[in-house]
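Good morning, colleagues. Please have the sequence and the model open before you as I begin.

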Amino acid sequence: MSIRGLPPEWWPQSGVLLTWPHIDSDWGPVLKQVEAVYTRLVRHISARQRVLLCVRDTAHREHVRARLQNSAVRLEYVHTACLATDDTWTRDYGPITVLENGRPLLLDFTFNGWGGKFAAEADNAVTGLLHRRGFFGATPLARVELVLEGGSIDTDGRGTLLTTERCLLTPRRNPGLDRATLAARLRTALGVQRVLWLRHGHLAGDDTDGHIDTLARFCDARTIAYTACDDPRDEHYDDLKAMEAELAGWRDPDNRPYRLLTLPWPHPKYDADGRRLPASYANFLIINGAVLVPTYDDPADADALTRLGRAFPDREIIAVPCLPLLQQNGSLHCVTMQLPKGVLTTPCPEPSPITSFEKGEPEGVSNSARPPR
C-alpha cells in the first residue's frame, strides 16, 4: 500500500520555478520595474538552490541571460525552458509535489484562470510540457482532474491542509462538488488527513477569490502567520477580525491551539486608476536556508521582517521589494513555485547559454552548507 503526503514549504528543495515576464504580456507598461523584482528573486534563490525559468523563446532567453549576467546571479544554477505561457503566476499552474512512499510525485491539476476569469490554456499546459521535455528527470507525473491552484492551499506537513471556502467552493472551479466531496478528493490526491476551511478573509483587488497564501500561512507545524488589520476604519477590518477568530478556534493534530503570529497591515496601495491593490506580507516564500519576504515601500515593512524573523529563527530573512508585482494583483509567493528535493534533474535537457552544471549541484543544501555567494 502506497503512502502519500504533502510536504511543507520548509522541506528541502531542489529549486524554484518562475516564468519571466516579457514586453507583450500584461507586464508591458511596468516591465522594467517588474524585471528588477525577478532579477532579485533569481539572485537570492540561485545562491541557495536551482532556478528553472520559463521564457517565451530564444531571443527572450538571451535578454534574460544578459540581465542576470549583469546582476551577480549564479548563472550555473539557472536553467531555462522556452515555451508559451499566458501569464507569470507559476504558483497556480506549476506542479504540486507530494511524496509517494518518500519519493516525489508531481501532480498536474487543471488551471482554468481562477474560475475562467482569464486565458489559461497555455499556462495549464506548462507542467506537462516541462515533464515531457525531461526537466524533472525520472520524477513521475500524475494528472488530476480537479481545478486547483497552488496559492489556494498550504500545509503543516503533518496531514493538515489549510484553504478558503471563498476560493475552492467557487462554482466556476469545480461545479457540482460540495465541500465534503471536494475535501475527500483533496485528501486522496494530496495525502492529507484533514482540511481546515477559512470562511472569512479577503483582500481588495485580489482576483483569486481569496487565496490562502495572501491570508494565513504555516511557518512550522504549530505556527500560523496571518494577515491582520488594525484599522477599524478599513474595509477589511471586520472580515479579517472574523478570520482571526476562526484561526484562534482551530486545533492542531494534537488538539492544541495553534501559535498565531499576526502580520502587520501596510498602508493601502492603489494603481494609477485608484484601484486598491492586495498587499500582503503573508505572501512570503520559504527556500533552503532563507525566507524571501515581500516589501512594499511601507512603514510596516521593517515590522513584517522582524515578526517573520521570530517565526524562522534558523533562516535568513530577506526583503524583496515587490510593489511592482501588485500592479497585476499578486506578489512574491504568487510568481514562484518551490520544487522539493529530488524533483529537478541535471543537466538541463534543453540547450541554454544560461545553464552549466559543471561547477556542482546545490540540491537540498542545508542551512549550514549553503553554496557561497
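A word on provenance: the model is predicted.

Four strands make up an open sheet with mixed pairing, in the order 1-5-6-7. Strand 1 (4-5) and strand 7 (141-147) are at the edges; each has a single partner strand, so one side of each has no neighbour in the sheet. Between strand 1 and strand 5, residues 96-100, the pairing is antiparallel and runs over two bridges. Within this pair, glycine 5 is placed opposite leucine 99 of strand 5.

Helix 5, residues 121-132, packs on the sheet, where it touches strand 6 (103-110) and strand 7. The direction of helix 5 makes about 145° with that of strand 6.

I turn now to helix 7. This helix lies across strand 1, strand 5, strand 6 and strand 7, and runs at about 170° to strand 7.

Which residues of helix 7 are buried? They are Leu182, Ala183, Leu186, Ala189 and Leu190. These residues lie on the same side of helix 7, because they cover an arc of only 135° around the axis. In general, an α-helix has 3.6 residues a turn, so residues three or four places apart point the same way. On the face of helix 7 turned away from the buried side are the exposed residues Ala180 and Thr188. Just after helix 7 comes glycine 191, with a positive phi of about 70°.

Key
Residues are numbered from 1 along each chain as its sequence is written. This is a predicted model: local features need pLDDT of at least 70, side-chain atom pairs count only at pLDDT 80 or more; totals for chains, interfaces and linings use all residues. Side-chain values use heavy atoms; hydrogens and water are left out. Buried means under 20% relative accessible area, exposed over 50%, partly exposed in between (1.4 Å probe, protein chains only). The arc is that of the directions from the helix axis to the C-beta atoms. Two strands pair if DSSP finds at least two bridges between them. Contact means heavy atoms within 4.5 Å. Axes are lines fitted to C-alpha atoms, for helices over the stretch in contact, and angles run from 0 to 180 degrees between N-to-C directions.
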